[in-house]
Amino acid sequence: MIYGYIRVSTDHQTTENQRFEIQKFCEKQEIVVDCWIEETISSTKDLNKRKLGRLIKRIQKDDLIIASELSRLGRNLLQIMGILHHCMNIGARIWTIKDNYRLGSDITSKVLAFAFGLSAEIERNLISQRTREALARVRAEGGRVGRPRGSRNACKLEGREKYIVQKLSEGSKKNAIARRLHVHRDTLTRFIEQRGLKSETNG
């Protein structure tokens, strides 16, 4: 199966240039595209949310994907290497026209597959290391790491300020108000302090 893959980032871009380029290339190679995959989506989007991601999952040995250039597959080097590594591992091929890449099942491609896989692993390790170093620096400077305590539940209180003030004015205890709003008393207390909420009787 031969796939022609075309991607543009916005509705303001046309797919015709890429389609023409691929068709012209196929004529010279005397091959025919069996299925066209076109999408308008940013390459920074998660691969699983793209048509290309669904294609990669079902592609089989000896299938061929033709694209105008590698950047159509993804803008992130780690993502591109992951795609190439996966396809070469199952024996699928990827050809790009402008970059003149011919990734298949030959020995050169197998060496490239190993290099891509190793590079992707190194990149993941570097990202993980940089993250750990950044978190360690924040901790060393006395900062809090992670989601602030109660922040997830605090969003439940958004828009309930008037209700909270009213209940405080009526003399309701914070425990009772928190139970009514399905949050912890400490979460309610922090929300009141952060928003500067006061009972109407207290001004």
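Helices here are DSSP runs of H or I with at least four residues, strands are E runs of at least two, and both are numbered from the N terminus. This is a predicted model, where local features need pLDDT of at least 70, side-chain atom pairs count only at pLDDT 80 or more, and totals for chains, interfaces and linings use all residues. Residues are numbered from 1 along each chain as its sequence is written, and side-chain values use heavy atoms, with hydrogens and water left out.

**View 1. The chain as a whole has eight helices and five strands.** Walk along the sequence and you get the pattern β-α-β-α-β-α-β-β-α-α-α-α-α. The protein chain has 203 residues, and 36% of them count as buried. Buried means under 20% relative accessible area, exposed means over 50%, and partly exposed is what lies in between (1.4 Å probe, protein chains only).

**View 2. Glu-30 sits in the loop between α1 and β2.** Its phi is near 60 degrees, a positive value in a residue other than glycine. As a rule, most residues other than glycine have a negative phi. Glu-30 counts as exposed, at 73% relative accessibility.

**View 3. His-182 also has a positive phi, near 60 degrees, and is not a glycine.** Look for His-182 in the loop between α7 (174-180) and α8 (185-195). His-182 is exposed, with a relative accessible area of 62%.

**View 4. Arg-19 and Glu-38 pair up in a salt bridge.** A salt bridge here is a side-chain nitrogen of Lys or Arg within 4 Å of a carboxyl oxygen of Asp or Glu; the structure holds four of them. For Arg-19 and Glu-38, the closest N and O atoms are 2.4 Å apart. Arg-19 belongs to helix α1 (residues 16-29) and Glu-38 to strand β2 (residues 35-40), so the pair ties together parts that are 19 residues apart in sequence. Glu-38 is partly exposed, at 25% relative accessible area.

**View 5. Lys-98 reaches Glu-69 in another salt bridge.** Here the closest N and O atoms are 3.7 Å apart. The pair links distant parts of the chain, 29 residues apart: Lys-98 is in the loop between β4 (93-96) and β5 (101-103), and Glu-69 is in the loop between β3 (64-67) and α3 (77-90). Lys-98 counts as exposed at 52% relative accessibility, while Glu-69 counts as partly exposed at 22%.

**View 6. Glu-170 and Lys-167 meet through their side chains in a salt bridge.** The N to O distance is 3.5 Å.

**View 7. Lys-51, Arg-54, Lys-57 and Arg-58 form a patch of positive charge on the surface.** Patches are made of residues with over 30% relative accessible area and no salt bridge; like charges are joined within 9 Å, and nonpolar side chains (Val, Leu, Ile, Met, Phe, Trp, Tyr) within 5 Å. One of the four, Arg-54, is in helix α2 (residues 51-58). Arg-54 is partly exposed, with a relative accessible area of 46%.

How values were computed: Accessible areas come from the Shrake-Rupley method with a 1.4 Å probe; for residues, only the protein chains shown count as cover. Lys and Arg count as positive and Asp and Glu as negative; His and the chain ends are not counted. The place of a charge is taken as NZ of Lys, CZ of Arg, CG of Asp or CD of Glu.
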